[in-house]
Amino acid sequence: MNFLVWLMVLALVIPLVAAVQQEDVWSKMLAFASVSTKTSVLILIISVMRDDWMIGVVGVLILSVGNAALMLLAQVLKRLEQT
């Protein structure tokens with residue numbers, strides 16, 4: 001199970017490198033959304049490993065609320081580009 005966690009941590013590096021290289025705002029937002037989702041899934045895996053449901057609740061909240069906030073930011077940026 002620790003091997004799976006280390007693989008997921010390495011998978012987090014890929015969107016971060018992509019975000020640094022991109023200059024487009026939408027590409028950066030997509031990369032950060034990917035990091036947010038992968039981080040919350042990593043938190044859920046760690047909560048299963050430790051048998052701690054409170055950490056799992058935090059992972060679920062990050063997964064749902066974090067991506068919702070990112071969608072709201074995307075709508076704001078879309079409206080700013082139209083004006």
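Where is the place of V65? V65 lies in helix α3. This is a predicted model, in which local features need pLDDT of at least 70, side-chain atom pairs count only at pLDDT 80 or more, and totals for chains, interfaces and linings use all residues. Residues are numbered from 1 along each chain as its sequence is written, and side-chain values use heavy atoms, with hydrogens and water left out.

View 1. Helices are DSSP runs of H or I, at least four residues, numbered from the N terminus. The 20 residues of α1 should span 28 Å at 1.5 Å a residue, and the end C-alpha atoms are 30 Å apart, which agrees. The expected span is 1.5 Å times one less than the number of residues. V5, M8, L12, P15 and A19 are buried (under 20% relative accessible area, 1.4 Å probe, protein chains only; exposed is over 50%, partly exposed in between). They fall within an arc of 75 degrees seen down the axis, so they line one face of α1. The arc is taken from the directions from the helix axis to the C-beta atoms. The face turned away carries exposed F3, W6, L10, I14, V20 and Q21.

**View 2. Helix α2 and its neighbours.** Residues 25-50 form α2, which reaches 37 Å from first C-alpha to last, close to the 38 Å expected. Its buried residues include M29, L42 and I45. The buried residues of α2 pack against α1 (2-21) and α3 (53-82). D51 follows α2, with a positive phi near 55 degrees.

**View 3. V65 at the surface.** V65 is exposed, with a relative accessible area of 51%.

Note on methods. Helices (H or I, at least four residues) and strands (E, at least two) are DSSP runs, numbered from the N terminus. Contact means heavy atoms within 4.5 Å.
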